[in-house]
Amino acid sequence: MKKSMPKRIIFPCLCCLSFYAGHLAVGETEALFSSQAELEPITITSAFVFPETIQNLQNQADGIAGSMRQNYKRAMEISWNTESQQELQERLHQLAELEGQLKKQMDRLASIADELYAYEQQAKSSHTGDPSFAYIHEGYQHADLLLSEVMAEVDIQRIKEAGSAIRQRMNELDEEEKARAADKPVEQDSPSDSGAELSQEKPVEMEEEKDQNTTLDESLPGVHAPGNQDTSEEASIENKDQELVSDEEKTLENSE
């Protein structure tokens, strides 16, 4: 019992000595570091736009530029040399859709370039000369170059001229159709046919006139007979002359 008591006392004493020694060691270390080095302020720069955002805008610009080139090629391949009004109408509708898509894509590409330009200006004003923001400048330069190339390649005015040519062709077909419709009655009433009809009508009229003449001749047989009217008149005149002569002779005899 007496031998175990010192062991129990020795162990807590050793623990206390170890803690005290550790405290002394740490205090001396802190004093050593504080005396040899001075703390410098650390500045942390936060990125106002992430590189992934700039890369996504670049990818969108690439996709829009490629789609615009394809749409413009399709628009220029549309032909208006056809004789079908329905086909021309379909091609005109397709051309109008492509023109609308190209205008929207051009506006979207320009807005991407403007957004990247705004990021670049912000980087210049806030972080001038900081190489960590070089990706913003590269993204803007890429989008601006794409916009310039597409504007030089895609000519909206040529698409409008193609639409005007299709509408002009449709008007020409309408005029041709009207001309064919107007020529149909002229072909039916051609001069040869009208002459034939007149020649066919004339004998009928002549026959009718002959019939009328015959009816008149039959109703007055002695009027139009050759010599009948003249001989009767001469006979009546001779008879009158003879009567006058006889009357004169009688008057002379009576006077004697």
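Is Tyr-140 buried or exposed in this predicted model? Tyr-140 is buried, with a relative accessible area of 14%, where buried means under 20% relative accessible area, exposed over 50% and partly exposed in between, for a 1.4 Å probe and protein chains only. The model is predicted, so that local features need pLDDT of at least 70 and side-chain atom pairs count only at pLDDT 80 or more, while totals for chains, interfaces and linings use all residues. Residues are numbered from 1 along each chain as its sequence is written, and side-chain values use heavy atoms, with hydrogens and water left out.

View 1. Helices are DSSP runs of H or I with at least four residues, numbered from the N terminus. The buried residues of H4 include Tyr-135, Ile-136, Gly-139 and Tyr-140. They cover an arc of only 135° around the axis, which puts them on the same side of H4, the arc being that of the directions from the helix axis to the C-beta atoms. Glu-138 and Ala-152, on the other side of H4, are exposed.

**View 2. The aromatic pair of Tyr-117 and Tyr-140.** The two rings form a tilted pair, 5.3 Å centre to centre with 50° between the planes; rings of Phe, Tyr and Trp (its six-membered ring) pair if their centres lie within 6.5 Å, and planes under 30 degrees apart count as stacked, over 60 as edge-to-face and the rest as tilted. Tyr-117 counts as partly exposed at 40% relative accessibility.

**View 3. Asn-71 in helix H2 (residues 51-76).** Asn-71 is buried, with a relative accessible area of 6%.

Note on methods
Helices (H or I, at least four residues) and strands (E, at least two) are DSSP runs, numbered from the N terminus.
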